[in-house]
Amino acid sequence: MKKAFFSLVILSALFSSGCAQRVADFTLASTKNIDINKGDFVKGPRVKGEDSKPVIIFPLGIPNVKEAADKAIESDKCAVGLTDVTADSVVFSFLIGYIAYEVEGDLVIDKKISGCENWQG
(Lines give C-alpha, C1' and ligand atoms only; values in the text may rest on other atoms or scores of the structure.)
Protein backbone atom coordinates (compact mmCIF):
# COMPACT_ATOMS: atom_id res chain seq x y z
CA MET A 1 0.00 0.00 0.00
CA LYS A 2 2.78 2.41 0.90
CA LYS A 3 4.65 1.66 -2.35
CA ALA A 4 1.53 2.31 -4.44
CA PHE A 5 0.89 5.61 -2.64
CA PHE A 6 4.53 6.67 -2.98
CA SER A 7 4.51 5.77 -6.70
CA LEU A 8 1.31 7.77 -7.18
CA VAL A 9 2.86 10.80 -5.48
CA ILE A 10 5.99 10.58 -7.65
CA LEU A 11 3.98 10.22 -10.87
CA SER A 12 1.73 13.12 -9.90
CA ALA A 13 4.77 15.33 -9.28
CA LEU A 14 6.27 14.42 -12.65
CA PHE A 15 3.09 15.06 -14.62
CA SER A 16 2.19 18.30 -12.88
CA SER A 17 5.63 19.88 -12.98
CA GLY A 18 6.53 22.68 -15.33
CA CYS A 19 9.10 25.37 -15.62
CA ALA A 20 8.90 29.05 -16.54
CA GLN A 21 11.88 31.31 -16.96
CA ARG A 22 12.13 35.03 -17.71
CA VAL A 23 13.89 35.50 -21.03
CA ALA A 24 13.87 39.30 -21.31
CA ASP A 25 12.43 42.61 -20.09
CA PHE A 26 12.05 45.53 -22.50
CA THR A 27 10.91 49.10 -21.98
CA LEU A 28 9.75 49.29 -25.61
CA ALA A 29 9.54 46.55 -28.24
CA SER A 30 8.05 46.16 -31.69
CA THR A 31 8.24 43.71 -34.56
CA LYS A 32 6.70 46.30 -36.92
CA ASN A 33 8.38 49.11 -38.87
CA ILE A 34 7.33 52.39 -37.22
CA ASP A 35 8.45 55.99 -37.49
CA ILE A 36 8.76 57.14 -33.89
CA ASN A 37 9.04 60.80 -34.93
CA LYS A 38 5.75 60.95 -36.88
CA GLY A 39 3.32 59.02 -34.68
CA ASP A 40 0.71 60.11 -32.16
CA PHE A 41 1.24 57.42 -29.57
CA VAL A 42 -0.88 56.51 -26.54
CA LYS A 43 -0.60 53.65 -24.11
CA GLY A 44 -3.17 50.88 -24.53
CA PRO A 45 -4.31 47.91 -22.45
CA ARG A 46 -2.06 45.06 -21.29
CA VAL A 47 -2.06 42.10 -23.68
CA LYS A 48 -0.38 38.71 -23.96
CA GLY A 49 0.79 36.76 -26.99
CA GLU A 50 1.99 33.17 -27.02
CA ASP A 51 3.66 30.88 -29.51
CA SER A 52 3.70 27.23 -28.43
CA LYS A 53 4.58 23.88 -29.90
CA PRO A 54 3.45 20.45 -28.70
CA VAL A 55 5.80 17.87 -27.24
CA ILE A 56 5.15 14.19 -27.83
CA ILE A 57 8.34 12.56 -26.54
CA PHE A 58 10.24 15.14 -28.68
CA PRO A 59 9.28 18.75 -29.46
CA LEU A 60 7.27 19.00 -32.70
CA GLY A 61 8.68 22.40 -33.59
CA ILE A 62 10.44 25.38 -32.07
CA PRO A 63 8.41 28.28 -30.65
CA ASN A 64 9.40 31.82 -31.66
CA VAL A 65 9.52 34.97 -29.52
CA LYS A 66 8.78 37.17 -32.56
CA GLU A 67 5.60 35.19 -33.32
CA ALA A 68 4.44 35.63 -29.71
CA ALA A 69 5.14 39.39 -29.88
CA ASP A 70 3.30 39.65 -33.22
CA LYS A 71 0.23 37.95 -31.73
CA ALA A 72 0.22 40.42 -28.82
CA ILE A 73 0.66 43.50 -31.05
CA GLU A 74 -1.89 42.34 -33.63
CA SER A 75 -4.59 42.02 -30.96
CA ASP A 76 -5.49 45.66 -31.87
CA LYS A 77 -5.39 47.05 -35.42
CA CYS A 78 -4.09 50.41 -34.15
CA ALA A 79 -1.15 48.92 -32.21
CA VAL A 80 2.42 49.28 -33.44
CA GLY A 81 4.38 47.96 -30.47
CA LEU A 82 4.49 47.09 -26.79
CA THR A 83 5.83 48.87 -23.73
CA ASP A 84 6.81 47.46 -20.31
CA VAL A 85 7.36 44.09 -22.00
CA THR A 86 8.25 40.74 -20.46
CA ALA A 87 9.16 37.61 -22.42
CA ASP A 88 9.02 34.22 -20.71
CA SER A 89 9.93 30.70 -21.75
CA VAL A 90 7.52 28.03 -20.51
CA VAL A 91 8.11 24.28 -20.57
CA PHE A 92 5.50 21.78 -19.42
CA SER A 93 6.31 18.31 -20.60
CA PHE A 94 7.10 14.82 -19.48
CA LEU A 95 6.76 12.69 -22.60
CA ILE A 96 3.80 14.85 -23.66
CA GLY A 97 3.14 18.55 -23.10
CA TYR A 98 4.25 21.81 -24.71
CA ILE A 99 7.00 24.41 -24.92
CA ALA A 100 6.15 28.07 -25.42
CA TYR A 101 7.24 31.68 -25.39
CA GLU A 102 4.88 34.20 -23.80
CA VAL A 103 5.23 37.94 -24.46
CA GLU A 104 3.21 40.37 -22.34
CA GLY A 105 3.09 44.15 -22.44
CA ASP A 106 1.02 47.31 -22.77
CA LEU A 107 0.02 48.16 -26.33
CA VAL A 108 1.50 51.24 -28.01
CA ILE A 109 -1.31 52.73 -30.10
CA ASP A 110 -0.57 55.06 -33.05
CA LYS A 111 -3.56 57.39 -33.47
CA LYS A 112 -2.21 58.60 -36.84
CA ILE A 113 -3.03 55.26 -38.46
CA SER A 114 -6.04 55.58 -40.72
CA GLY A 115 -9.19 54.74 -38.74
CA CYS A 116 -7.49 55.07 -35.36
CA GLU A 117 -7.88 58.83 -34.83
CA ASN A 118 -10.65 58.36 -32.24
CA TRP A 119 -9.16 55.26 -30.56
CA GLN A 120 -10.41 54.85 -27.00
CA GLY A 121 -8.98 52.05 -24.86
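Mentor: Let's start with the sheet: it is open and has 5 strands in the order β1-β4-β5-β2-β3, with antiparallel pairing. Its edge strands are β1 and β3 (58–59), each of which pairs on one side only. Helices (H or I, at least four residues) and strands (E, at least two) are DSSP runs, numbered from the N terminus. This is a predicted model, in which local features need pLDDT of at least 70, side-chain atom pairs count only at pLDDT 80 or more, and totals for chains, interfaces and linings use all residues. Residues are numbered from 1 along each chain as its sequence is written, and side-chain values use heavy atoms, leaving out hydrogens and water.

Trainee: What makes β2 and β3 a pair?

Mentor: Two strands pair if DSSP finds at least two bridges between them. β2 and β3 have 2 bridges, so they meet that rule, in the antiparallel sense. As for β3, F58 is the bridge partner of I56.

Trainee: Where does α2 lie?

Mentor: α2 lies across β2, β4 and β5, at about 135° to β2. That angle compares N-to-C directions on a scale from 0 to 180 degrees, with axes fitted to C-alpha atoms, for helices over the stretch in contact (heavy atoms within 4.5 Å). The buried residues of α2 (65–73) are A68, A69, D70, A72 and I73, and their cover includes β2 (41–56), β4 (79–94) and β5 (96–110).

Trainee: What makes D70 and K32 a salt bridge?

Mentor: The definition asks for a side-chain nitrogen of Lys or Arg within 4 Å of a carboxyl oxygen of Asp or Glu. The N to O distance for D70 and K32 is 3.5 Å, so the pair qualifies. This pair links distant parts of the chain, 38 residues apart: D70 is in helix α2, and K32 is in the loop between β1 and β2. K32 has 30% relative accessible area, which means partly exposed.

Trainee: How many salt bridges are there in the whole structure?

Mentor: The search finds 11. Among them is D25 with R22, at 3.2 Å from N to O. D25 is exposed because its relative accessible area is 52%, while R22, at 46%, is partly exposed. Another joins K53 and D51, at 3.9 Å, so it too falls within the cut-off. One network, built from salt bridges that share partners, joins K43, R46, D84, E104 and D106.

Trainee: Which residue caps the N-terminal end of α2, and how do you know?

Mentor: N64 does: one of its side-chain oxygens lies 2.7 Å from the backbone nitrogen of K66. A polar contact is a pair of N or O atoms within 3.5 Å; within protein, one must be able to donate a hydrogen and the other to accept it, and residues adjacent in sequence count only if both atoms are side-chain atoms. At 2.7 Å, the N64 and K66 atoms are within that limit.

Key:
Buried < 20%, exposed > 50% of the residue type's maximum accessible area, 1.4 Å probe, protein only.
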